Amino acid sequence: LCEELSRDYSVSSAADGGGCLRKLPSGRPDIVVTDVMMPNMNGFELTRRIKEDVDTSHIAVILLSARMSEDIRTEGYECGADSYLTKPFKMDMLQVRIKNLLDEREKRIRSFSGTAEVSPMHVTVATVDQKLMARITEKLEENLDNTEYSVEELASDVGMHRMNLYRKIQSLYGMTPSEFIRTMRLK
């Protein structure tokens, strides 16, 4: 997989779920492709932890498994997976899923940039992201007339480190927090 996907994407690998979680903050991937059956932490637990953490909940997850039952597939989607492919699968199928997930992300970013109305429910995907964006929107609306309101203050108000806020807004909206604040004020 790494060799094949490296032809079109920047790829990083990990031996298990724990290794993946340790790499997420520095690697900042758009998508995690993981097997369900792994040592130490299975793909379901990895997916759950990615989707429940506000710093990583925007990352798309594709689960791969030889287990084909509907119950297993349902469990994968219940833990937050964006896609589930059963083995054996064709590499073309995986590449199409990756492309589609990246295209969906770009559409969300464009929909925010082109719309005159700001609604976190229409742009974000995960409930964690919706809650965070609702808090960010609320804090920005409270400080709409405060021209001195900064990214650092916003990060503090929503309980995030400034860099984590930067990464989250960048991944969801394709802009920096400063640009996001400016866009919100203009809209």
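A residue is called buried when its relative accessible area is under 20%, exposed when over 50%, and partly exposed in between, using a 1.4 Å probe and protein chains only. The structure in the viewer is a predicted model, in which local features need pLDDT of at least 70 and side-chain atom pairs count only at pLDDT 80 or more, whereas totals for chains, interfaces and linings use all residues. Residues are numbered from 1 along each chain as its sequence is written, and side-chain values use heavy atoms, with hydrogens and water left out.

**Stop 1: a loop residue**

Select N143, in the loop between α7 (127-142) and α8 (151-157). Helices here are DSSP runs of H or I with at least four residues, strands are runs of E with at least two, and both are numbered from the N terminus. N143 counts as buried because its relative accessibility is 17%. Next, display Y149, D157 and R185: N143 is in contact with these residues, its neighbours within four places in sequence being left aside. Contact means heavy atoms within 4.5 Å.

**Stop 2**

Select residues 60-65, which form strand β2; 6 of its 6 residues are buried. On one side are A60, I62 and L64, on the other V61, L63 and S65, and both faces are covered.

Two strands pair if DSSP finds at least two bridges between them. Within this pair, V33 stands opposite I62. To follow the chain from β1 to β2, trace it through helix α3 (residues 43-52); this β-α-β crossover is right-handed. The term applies when, with the strands pointing away from the viewer, the path from the first strand over the helix to the second runs clockwise.

Strand β3 (residues 83-86) also pairs with β2 in the parallel sense, over 4 bridges. Here I62 stands opposite S83. The chain passes from β2 through helix α4 (residues 70-78) to β3, in another crossover that is right-handed.

**Stop 3: the nonpolar cores**

A nonpolar core is a set of buried Ala, Val, Leu, Ile, Met, Phe, Trp, Tyr and Cys residues joined through side-chain atoms within 4.5 Å. Select I136, L140, L154, L165 and F180, which have the most contacts inside the largest core, a set of 18 residues. Helices α7, α8, α9 (162-173) and α10 (177-186) each give two or more residues to this core. Centre the view on L165: among its contacts beyond four places in sequence are I136, V151, L154 and P177. Another core, of 16 residues, lies apart from the largest one and includes L24, M38, I50 and C79.

**Stop 4: salt bridges**

Side chains of opposite charge can pair when their charged atoms come close. A salt bridge is a side-chain nitrogen of Lys or Arg within 4 Å of a carboxyl oxygen of Asp or Glu, and the whole structure has 9 of them.

Select K51 and D82, whose side chains meet at 3.0 Å, N to O. K51 lies in helix α3 and D82 in the loop between α4 and β3, so the pair ties together parts that are 31 residues apart in sequence. K51 is buried at 12% relative accessibility, while D82 is partly exposed at 24%.

Finally, select R162 and E152, which form a salt bridge of 3.6 Å, N to O. This pair ties helix α9 to helix α8, across 10 residues in sequence. Both R162, at 37%, and E152, at 46%, are partly exposed.
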